[in-house]
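Student: Can you help me learn to read what sits around a ligand? I'd like to go step by step.
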Amino acid sequence: MTDELLKQMEIDKDYTLEEALAEAKRCLNCAKPLCRTGCPIENEIPRFIHAIARGNFGEANDIIAERSNLPAVCGRVCPREKQCEGHCILNRANKPINIGKLERFAADFESEHGLRKQKMIIKDQGKIGIIGSGPAGLTVAGDMARLGYEVTIFERQEEPGGILLYGIPEFRLSKEVVRREINRLKGLGVVFECNTVIGPDKTIDSLFEEGYDAIFIATGTHVPMELPMPGDDKPGVLQAMALLTAVQLHQNGRVGEDAIPVSAGDRVVVIGAGNVAMDAARTCVRLGASKVTVAYRRGEENMSALKSEYEEAKAEDVEFKFYASPKEVVGDKVVEGLRYEVQAPNEDGSVTPTGEYGVIPADKIIIAIGHKPNSRLVGPGNGIEVNKDGYVVTREMPYGMTSRKGVFAGGDVVHKPATVVLAMRAAKKVVEGMVNYCEAKRFLGE
Ligand SMILES: Cc1cc2nc3c(=O)[nH]c(=O)nc-3n(C[C@H](O)[C@H](O)[C@H](O)COP(=O)(O)OP(=O)(O)OC[C@H]3O[C@@H](n4cnc5c(N)ncnc54)[C@H](O)[C@@H]3O)c2cc1C
Ligand code: SF4
């Protein structure tokens, strides 16, 4: 039963050909497209929509590829209500163009029909090593490979994709879609060395000795933030990513169902109010939890989760307990509940403790309050300067270079956990810095 539920296909269904054409034809092809202004990577939105409207799907994909290496992913998980679609002029009539779904349609159509053939690229510009294969690493890989660089990505997991593969659940982002995008990069000549942890297995020094001209650190943020409270060492208290990764490994056939830390019938409390909390809560629903409650110390309007994610969680019967600040894990030997203190909202959005307490009965408590970078690779002792919170410090010139010459960084490990498209935008800027650096190196004969 659990497997059946977990294998549920994506909730948001694809457009049919007719639906895509009809939606694309609604676009006004604005002279000053607000949708493009709202897109962090400035995708050529009206141009690709216009190509779809004319039935030229290959051309639509060529246009998207000018700015993005991950269109099928972005078309599914970008917070488009805040970005392109949120800016579309047709919001004035409450009928914005469904840009994400059109991008997804074009990308899927291309993969199914093999519309675009990869041109041969001569790799004579230099050798780039990338650490981490999430959206930031994949973006630098695709752009540098197209510019004629030999690119190798080192990834500690057994399969590339970063959070796209091991974090975002299948019901929001099919892993086959992620694998398709990665195969496209392999077609550009990008080499993936998985099961390789930079730190213990290889080091930045050893990569330079192997002849890499520049290195890009895109290791994201994978150390969960803790929420110390009495009783938090009891079995049944876990981190959201431990759950999401276990589910993904189970779906890949790597671990049995018993490795998933939530079981059918469990009463679950998820602490946090971001997208990770929503993913954990909705995953628990699919695992057959008897009740799932999200506890958050502030109000609905302060949640960082996308509104659509919040609405979908509510539609799936996830309950929300606002103004509940976690204080203690209740239970003798195992978890029996979460004790919280009621908070009173203030006008400025802050909250004040009231001295009133309550308990939410629970068998499992899942913490989803954020992540930070791992200091094994970045930080004191390995020459990569970080700020007080452990994020890598980079420069403006050449853009994205760290305190170590030739070592660049981008994505969540620099900018704090954000979104797929913001990691891509940061990575695209770093590509400019890396190219400038490599060209200067060649000029100086280094
Ligand atoms: C559960 C969850 C749901 C999310 N949902 C959304 C969403 O719907 N929409 C959205 O836009 N964003 C979402 N995000 C945020 C988004 O996924 C991240 O902002 C984005 O993946 C960051 O990309 P990145 O490339 O910087 O890092 P990551 O995707 O974290 O990739 C880092 C990679 O580096 C590897 N690595 C780390 N250390 C080493 C090492 N020493 N050696 C080798 N490899 C290493 C890791 O294994 C990983 O593969 C979500 C995040 C989470 C956790
Ligand atoms: S703003 Fe809306 S209508 Fe105008 S070009 Fe963009 S998607 Fe089309």
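Student: Which helices each supply at least two residues of the shell around ligand 1?

Tutor: Before that, a word on reading this: it's a predicted model, where local features need pLDDT of at least 70 and side-chain atom pairs count only at pLDDT 80 or more, while totals for chains, interfaces and linings use all residues. Residues are numbered from 1 along each chain as its sequence is written, chains are lettered from A and ligands numbered from 1 in the order written, and side-chain values use heavy atoms, with hydrogens and water left out. Helices are DSSP runs (H or I, at least four residues), numbered from the N terminus. Here they are α9 (135–146), α13 (240–251), α14 (275–286) and α17 (420–443).

Student: How many residues surround ligand 1, and which are the closest?

Tutor: A residue counts if one of its heavy atoms lies within 4 Å. Ligand 1 has 34 around it, and Val77, Glu155, Arg172, His222 and Val420 are the closest.

Student: Where does ligand 1 lie relative to domain 2 and domain 3?

Tutor: Domain bounds come from an automatic or database assignment. Domain 2 (127–222 + 371–443) and domain 3 (226–367) both give residues to the shell, so ligand 1 lies between them.

Student: What polar atom of Glu155 lies 2.6 Å from an oxygen atom of ligand 1?

Tutor: A side-chain one. With Ile198, a polar backbone atom is 2.9 Å from a nitrogen atom of ligand 1. Asp412 also has a polar backbone atom, 2.9 Å from an oxygen atom of ligand 1.

Student: Which residues are around ligand 2?

Tutor: Among them are Cys27, Cys30, Cys35 and Cys88.

Conventions
A polar contact is a pair of N or O atoms within 3.5 Å; within protein, one must be able to donate a hydrogen and the other to accept it, and residues adjacent in sequence count only if both atoms are side-chain atoms.
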